[in-house]
Amino acid sequence: MAETDKDDLIRIIEESDNEDIEIPTVIPLMPVRDVVIFTDMLLPLFIGREKSVHAVEESFEKDKFLFLAAQKDSNVENPGIDDIYKVGTVARILRMLKLPDGRIRALVQGVAKAKNVEYVRKRSFFKVKIELVDEDPETEVDLSIEALMRNVRENCEKILSLRGEFSSDINSVLESIETPGKLADLVASNLKLKVEDAQKVMELTDQIERLKTVNEFLTREVELSAMQAKIQSDVRDEISKSQRDYYLREQVRAIHKELGEFDEKTQEIDDYKKNIKKAKMHEEAEIEAFKQLKRLEQMHPDSSEASIVRTYLDWIVEIPWSKSTKDLLDIKRAKKKLDSDHYGLEDVKDRILEYLSVRKLNPDTKGSILCFVGPPGVGKTSLGRAIAKAMDRKFVRISLGGMHDEAEIRGHRRTYIGALPGRIIQGLKQCGSNNPVFMMDEIDKIGSDYRGDPSSALLEVLDPEQNDTFSDHYLNLHFDLSKVMFILTANHTDTIPTALLDRMEIINISGYTIEEKAIIAKKYLIPRQVQENGLKKNNLKLNKGSLTQVINEYTSESGVRNLERTIGKVCRKIARKIAEGDDKGYSIDNKELVKYLGPPIYINELDQEKSQVGLSTGLAWTQVGGEVLYVEVTLLPGKGEFIVTGQIGDVMQESARAAITYAKANLNKFGFESSFLDSHDIHIHVPAGAIPKDGPSAGIAIATSIISAITKVPVKRTVAMTGEITLRGRVLPIGGLKEKSLGAIRSGIKTIVIPEKNLKDLSDVPDNVKEKIDFIMVKDTIEVLEIALGKKFMKKIKS
């Protein structure tokens with residue numbers, strides 16, 4: 001407050017004490033925002049609202065008295081009668097000036113406290129009838145009141161001292177006020193209280209209570225002012241330190257410049273500039289990189305934010321925006337490389353050579369997205385490496401098994417501590433090329449939870465129409481993935497989301513025959529295990545018979561993973577003998593094999609040593625390839641019920657019901673009374689009860705076992721069958737014929753009965769398998785029974 005204002009305030013207070021002022025009972029009302037005006041308060045006002053302008057003009061033209069009341073909500077532009085407090089202050093307009101923009105500047109002084117009794121006018125402006133609010137009679141100032149007033153004055157001095165605004169003149173003003181009410185009003189008017197708190201003080205008529213309330217607000221303000229002063233002091237010290245550090249760094253920089261040297265920060269900034277230009281990123285990325293570099297230049301090099309920006313710049317300059325490897329487009333040479341690394345798998349090799357041929361004719365073609373589906377150990381992952389090698393491309397592999405967090409694909413946003421790009425961008429940075437062969441293993445084992453759905457994030461990655469603008473959350477920039485050749489692997493497609501499956505080209509890799517496994521072992525597995533175990537070529541020799549025995553009796557799989565482990569076991573035992581000093585060549589035949597590997601692990605089922613009644617052989621297609629599935633049926637005296645055991649699923653349960661219904665419906669045809677099964681219970685059991693089994697292709701095997709148990713005719717042990725059955729006896733087609741035939745040949749099956757509609761699938765079965773197995777196509781269950789049960793059964797039907 002300026003000195004002239006303080007003199008006016010003292011003079012006005014004195015005048016109001018010595019003069020009687022006549023105030024009209026009806027005067028204009030002007031609502032005021034964000035302030036409560038107390039008596040004796042001198043305040044300049046800027047009036048802009050139309051109603052307020054009219055009220056001031058009306059007042060100034062007459063007696064210059066104006067009733068000022070605070071608004072309850074300062075955001076209300078045109079307050080109504082319910083938006084204005086009833087208790088306010090009668091003020092006198094001392095000066096008024098009309099401004100060119102239509103507003104009014106007025107200097108007002110509070111004269112008396114009053115209450116709005118009635119609204120006389122509401123249209124162009126408010127005019128109200130008022131009653132003066134009488135203060136409670138002044139009490140004698142005793143020691144307690146004097147102490148309270150002194151406490152208020154001292155708190156005022158503390159606040160003003162902390163703010164740097166205290167002076168002797170202000171002290172004189174405070175000391176000159178001797179009544180508690182006037183001291184409370186003066187302090188409250190300068191405390192910057194909230195409107196509701198200031199209104200609460202104004203409406204108190206007891207002077208002592210009013211001063212006590214003001215003292216409470218004042219005490220709180222002292223604490224706030226002390227805290228504010230401390231904060232400002234700390235900030236000032238920090239700014240001073242930062243300015244000093246900056247000044248010293250600039251001096252060091254100038255010294256280095258004069259000496260022809262560069263300081264570390266300047267060198268770092270220059271290196272980033274060179275690397276950004278060298279990266280040849282697209283325009284949007286380059287603008288963002290230079291923007292972040294400018295931020296880094298303005299930061300203290302040791303600040304935490306500088307470290308975050310520096311990490312971001314490191315990523316953005318090291319990503320291969322424009323780095324590509326040149327494809328090997330010599331088709332014949334690429335074919336030789338594929339053949340040298342993998343035996344068989346002609347479908348996959350043909351697809352890769354087709355892709356290279358298209359690339360040769362159209363270099364701008366988009367990347368391909370393949371999905372290898374097959375049981376474990378058939379070489380899906382190693383095939384990806386061979387493809388990269390054949391194309392002369394970099395190879396990147398990530399595993400999606402068990403992944404639950406979407407950020408693993410898209411990256412984390414930079415607001416998180418320790419944020420990083422997703423695995424896609426990490427893999428590209430790791431290989432240093434924007435067109436690698438990118439393999440994603442176990443796509444069928446990806447998960448989702450509250451952190452997001454990674455499979456949904458992969459939709460953009462694996463869509464050739466979208467992935468040229470793939471956006472990583474960490475980079476917040478689009479990156480072109482259209483040049484990448486994505487290869488995915490899975491054991492089956494059932495758990496892959498449909499939308500994701502639609503974006504991939506599925507290539508099934510079924511498994512290997514015994515002959516193929518033997519060739520793979522000779523060409524790849526044995527030489528690799530000999531080398532890994534420190535042996536020489538002449539230290540180990542497995543003849544054809546012993547190798548076939550290893551495949552048949554010590555492994556049972558579609559792939560060759562366990563076969564390689566078993567060969568490795570033989571190599572380790574030979575390595576131990578050589579390490580003990582017995583260095584010679586070891587030729588292992590069938591008899592010697594038991595010494596190294598122990599007794600055979602896999603042998604033919606004992607039940608299949610001879611043909612038996614009620615025992616048939618089905619074929620199953622599992623995640624690990626094709627397998628034989630034995631179905632046992634026994635008839636027991638009972639009430640026509642049936643029992644199913646062996647932990648089979650709902651689909652096989654339905655197949656069993658359909659097979660029983662078929663058997664009951666055709667009892668007369670088999671030479672039995674139609675009520676025969678009403679006095680017998682049927683027990684269907686599928687051995688290996690600890691292993692869950694399900695699927696729609698066991699219908700004819702169950703029906704054959706049931707009818708064999710009824711007619712007492714044994715089922716041929718060398719015949720396996722696969723196909724679903726209907727109530728009318730029709731045989732429906734199945735899937736996985738190639739896998740099932742490979743499983744059958746491992747179990748010594750000679751004949752396989754298949755639905756006639758699966759004739760087209762025989763083209764997928766290897767020729768050497770078709771030479772060893774007789775495939776018989778059937779349309780009806782009677783044909784199945786004729787093949788599986790033989791002449792005895794047919795004689796019973798005819799008789």
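Angles under 35 degrees count as roughly parallel, over 145 as roughly antiparallel, 65 to 115 as roughly perpendicular, and the rest as oblique. The views below come from a predicted model.

**View 1. Helix 19 packs against helix 21.** Helix 19 covers residues 544-553, and helix 21 covers residues 590-597. Their axes lie 9 Å apart and form an angle of about 45 degrees. The two helices are therefore oblique to each other. The crossing of helix 19 past helix 21 is right-handed. From helix 19, the residues in contact are Gly545, Ser546, Gln549 and Val550. From helix 21, they are Asn590, Leu593 and Leu597. Sorted by class, this contact has three nonpolar and four polar residues, with no charged ones.

**View 2. Helix 9 packs against helix 10.** Two packed helices are described by the angle between their axes and the distance between the axes. Here the angle is about 150 degrees and the axes are 10 Å apart. Helix 9 is therefore roughly antiparallel to helix 10. Helix 9 runs over residues 283-298, and helix 10 over residues 304-318. Helix 9 makes a left-handed crossing with helix 10. On the helix 9 side, look for Ala285, Glu288, Ala289, Gln292, Leu293, Arg295 and Leu296. On the helix 10 side, look for Glu305, Ala306, Val309, Arg310, Tyr312, Leu313 and Ile316. Nine residues of this contact are nonpolar, one is polar and four are charged.

**View 3. Helix 10 also packs with helix 8.** Helix 8 spans residues 264-279. Its axis is 9 Å from that of helix 10, at an angle of about 30 degrees. That angle makes helix 8 roughly parallel to helix 10. The crossing is left-handed. Helix 8 brings Glu268, Tyr272, Asn275, Ile276 and Ala279 to the contact. Helix 10 brings Arg310, Leu313, Asp314 and Val317. By class, the contact of helix 8 with helix 10 holds five nonpolar, one polar and three charged residues. Arg310 and Leu313 of helix 10 also meet helix 9.

**View 4. Asp392 has a positive phi.** Most residues other than glycine have a negative phi. The phi of Asp392 is near 60 degrees. This residue sits in the loop between helix 13 (380-391) and strand 8 (395-399). Asp392 has a relative accessible area of 37%, so it counts as partly exposed.

**View 5. Asn476 has a positive phi.** Its phi is near 60 degrees, and Asn476 is not a glycine. Is Asn476 buried or exposed? Exposed means over 50% relative accessible area. Asn476 is at 52%, so it counts as exposed.

**View 6. Glu50 lies in helix 2.** This helix takes in residues 50-61. Glu50 is exposed, at 61% relative accessible area. Leu107 is 57 residues from Glu50 along the chain. The C-alpha atoms of Glu50 and Leu107 are 18 Å apart.

**View 7. Cys156 and Cys431 are two cysteines to find.** A disulfide is a covalent bond between the sulfur atoms of two cysteines. How many disulfides does the structure hold? The number is zero. Buried means under 20% relative accessible area. Cys156 has 10%, so it is buried. Cys431 has 11% relative accessibility, so it counts as buried.

Notes:
Residues numbered from 1 in each chain as written. Predicted model: local features only at pLDDT ≥ 70, side-chain atom pairs only at ≥ 80, totals over all residues. Heavy atoms only, no water. Disulfide = S-S within 2.5 Å. Buried < 20%, exposed > 50% of the residue type's maximum accessible area, 1.4 Å probe, protein only. Axes fitted to C-alpha atoms, helices over the stretch in contact; angles between N-to-C directions. Helix = DSSP H or I, 4+ residues; strand = E, 2+ residues; numbered from the N terminus. Left-handed = near helix turned anticlockwise from the far one by under 90°. Contact = heavy atoms within 4.5 Å. Nonpolar A, V, L, I, M, F, W, Y, C, P; charged D, E, K, R; others polar.
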